[in-house]
Amino acid sequence: MKRSACIILVLIVSSYPKVRASIHDISMFRGYTTTDKKKNKIDKDAFIYHIPAGKKGVGESGYSGEPNKIVTTRKGQSVEMKRRLGRVRSRQETFFSRVKSFNIMKNRFRHGKCGTKDKMIRHKHCFESVVVLLAYDIEHNPLFDV
């Protein structure tokens with residue numbers, strides 16, 4: 001499988017069960033909020049711990065607080081570099097739009113028995129199934145080169 005697809009999948013599968021809408025992306029990336037850090041509750045499965053030494057991801061400006069792990073568009077970068085980063089982010093958005101093209105991911109999840117726990121298990125299973133299908137599709141029909 002292509003490296004970029006693997007990285008996206010690691011992010012999705014490693015952080016998915018713990019996602020709360022009120023948490024900033026950078027906090028999800030780091031595996032803790034400020035309050036969590038004070039309580040020493042750091043999630044070692046967070047994406048930041050999956051990036052190999054010497055490698056970096058590409059992110060939007062909200063990730064500028066992690067310059068050793070994420071490259072963001074900044075003043076002083078060449079026009080060519082900014083275009084390349086824009087294409088990488090566009091490819092990521094293309095992937096996420098493909099996830100949302102599955103109606104089960106786009107609409108409210110109403111499957112499962114009564115209770116949140118059962119529905120979360122089923123929703124996670126559906127989500128992982130969609131990601132596996134997309135990974136297969138990307139492997140055989142790459143998004144686009146950057």
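## Helix α6 and the basis of the model

Helix α6 has 25 residues and reaches 36 Å from its first C-alpha to its last, close to the 36 Å expected at 1.5 Å a residue; the expected span is 1.5 Å times one less than the number of residues. Helices (H or I, at least four residues) and strands (E, at least two) are DSSP runs numbered from the N terminus. The buried residues of α6 are His123, Phe127, Val130, Val131, Leu134, Ala135 and Ile138, where buried means under 20% relative accessible area, exposed over 50% and partly exposed in between (1.4 Å probe, protein chains only).

The model is predicted: local features need pLDDT of at least 70, side-chain atom pairs count only at pLDDT 80 or more, and totals for chains, interfaces and linings use all residues. Residues are numbered from 1 along each chain as its sequence is written, and side-chain values use heavy atoms, with hydrogens and water left out.

## Helix α4

The 22 residues of helix α4 (residues 79-100) should span 32 Å at 1.5 Å a residue, and the 31 Å between its end C-alpha atoms agrees with this. Buried in α4 are Leu85, Val88, Arg91, Phe95 and Val99. These residues cover an arc of only 110° around the axis, which puts them on the same side of α4; the arc is that of the directions from the helix axis to the C-beta atoms. On the other side of α4, Val79, Glu80, Arg83 and Lys100 are exposed.

## Packing of α4 and α6

The axes of α4 and α6 (residues 116-140) come within 10 Å and cross at roughly 130°. Axes are lines fitted to C-alpha atoms, for helices over the stretch in contact, and angles run from 0 to 180 degrees between N-to-C directions. The two helices, α4 and α6, are therefore oblique to each other (under 35 degrees counts as roughly parallel, over 145 as roughly antiparallel, 65 to 115 as roughly perpendicular and the rest as oblique).

Phe95, Arg98 and Val99 in α4 meet Phe127, Val130, Leu134, Asp137 and Ile138 in α6, contact being heavy atoms within 4.5 Å.

Leu143 lies in the segment after α6 and counts as buried at 18% relative accessibility. Leaving aside residues up to four places away in sequence, Leu143 touches Arg91, Thr94, Phe95, Arg98 and Ile138. Leu143 and Thr94 are 49 residues apart in sequence, with 7.6 Å between their C-alpha atoms.

Arg74 belongs to the loop between β2 (70-71) and α4. Arg74 counts as partly exposed, at 43% relative accessibility.
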